[in-house]
Amino acid sequence: MPSAVVGAGTASLAIARVNPLECGDEIKQLFLAHERPEFPEFFERAYRGRSGEGALSWVGWDEHGCLQAHIALFPRRFWFGGRVVRGALLANMMVATAYRTFWPGLAVVRQMVRDTRLSGSVDFLYADPNDPARALAQRAGFREVGVLRRFVLPLGDRRRSVDLGLRLYHLIRGLQAPTTALAVTERPAGQTSDPPNDAPAGDARVLCPIRGEPLYRARLPGYPSPSDRWITVHPVASPDAPVGRALVRGPDARGVTLVCALECESPTLVGPLLVALGHQVRRAGSARLELSLVAESQTATDARRAGFIPRDDRTPILALSFTAAGADAVAAGSEWRLLPIDLDR
């Protein structure tokens, strides 16, 4: 049964919360009809099996029974303040062209917010919507809590003069960086079990995602691929006591390696971890190491000190809290340790 009906001129949409797998073909067709040919393959990765556990969709049907609007909600867990908080990611919003008059889309978002609040199953919602969807989310009560920004660490170049300049750049950076002696161990992702998701040490005001293989499979096409590697960083004298780890993918044809996941036991070791990571992927042939971080976070500051250069790419992150725990987490938005794998875009 529809939970709301909204008008769009003389037409109307009946909005309902559904199991996305029960109307998967209709959802896929909506995206295909609006120039999203990659969506059906993503749907199979992200909505089925363990990857899609707990996922819900809100859809809008027209008077002919055709699906004209969709938004999904994926549950996500985080460490914050020494406890687990329950978040949920808004994703895959699409409204048919004939219904893009602001109000139908807003009605779908508001119904999703209302239903989720009443369920009591979520502490806060978050999203990284595009510009049109951002206006809808803000009208529904979301506010900006941070901005994800891309950072690049140049590692090498085929041109000898440029490569020598980069070596000098890293030599100078190395003299300025912390001198913690760290070593690395690298293993193919296909031969590595999920790293433990223990509560992080240090600042309790940092929001840390709890990730696992289902998320990697949903967000990284083909995971684990031959180019996916888990790199573990540990003190030279203590190989069995890791202080951090990263999932990297690459290098690609351009020589770029992406940091897909980054975890560090202590905030004071983020800089040395990134330096060690850069050395490791350079030895593997990477010309550039890229990662995206919340721009105002301490991790972003540490990345700059490690030699990463901020680029202009910016993705606003919005959030809406439902509980006291959620409000505390949202208030700490500048210290969210989110990466693109934790978001929609």
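**Figure 1. Arg249 in strand S11 of the predicted model.** Strand S11 spans residues 244-249 and includes Arg249. With a relative accessible area of 17%, Arg249 falls under the 20% limit and is therefore buried. Its side chain forms a polar contact with the side chain of Asp228, at 2.6 Å.

**Figure 2. Residues in contact with Arg249.** Leaving aside residues up to four places away in sequence, Arg249 touches Leu220, Pro221, Gly222, Tyr223, Ser225, Ser227 and Asp228, and also Val256, Thr257, Leu258 and Cys260. Among these neighbours, Asp228 is the partner in the side-chain polar contact of 2.6 Å.

**Figure 3. The largest pocket of the predicted model.** Two or more lining residues come from each of helix H2 (39-47), strand S5 (83-95), helix H3 (103-119) and helix H4 (131-139). Strand S5 supplies the largest share, six residues. By class, the lining comprises 17 nonpolar, four polar and nine charged residues.

**Figure 4. The second largest pocket.** The space in this pocket amounts to about 450 Å³. Its lining consists of 20 residues, and Pro75, Arg76, Arg77, Ile210 and Pro214 are the closest to the centre. Strand S4 (67-80), strand S5 and helix H6 (213-219) each give two or more residues to this lining. The largest share, four residues, belongs to S4. Eight of the lining residues are nonpolar, four are polar and eight are charged.

Conventions:
Residues numbered from 1 in each chain as written. Predicted model: local features only at pLDDT ≥ 70, side-chain atom pairs only at ≥ 80, totals over all residues. Heavy atoms only, no water. Buried < 20%, exposed > 50% of the residue type's maximum accessible area, 1.4 Å probe, protein only. Polar contact = N/O pair within 3.5 Å; in protein donor to acceptor, adjacent residues only side chain to side chain. Contact = heavy atoms within 4.5 Å. 1 Å grid on protein atoms, 1.4 Å probe; cavity = no way out; pocket = protein on both sides within 12 Å on 5 of 7 lines; lining within 4 Å. Points joined across faces, edges and corners; volume = space filled by probe spheres on them. Nonpolar A, V, L, I, M, F, W, Y, C, P; charged D, E, K, R; others polar.
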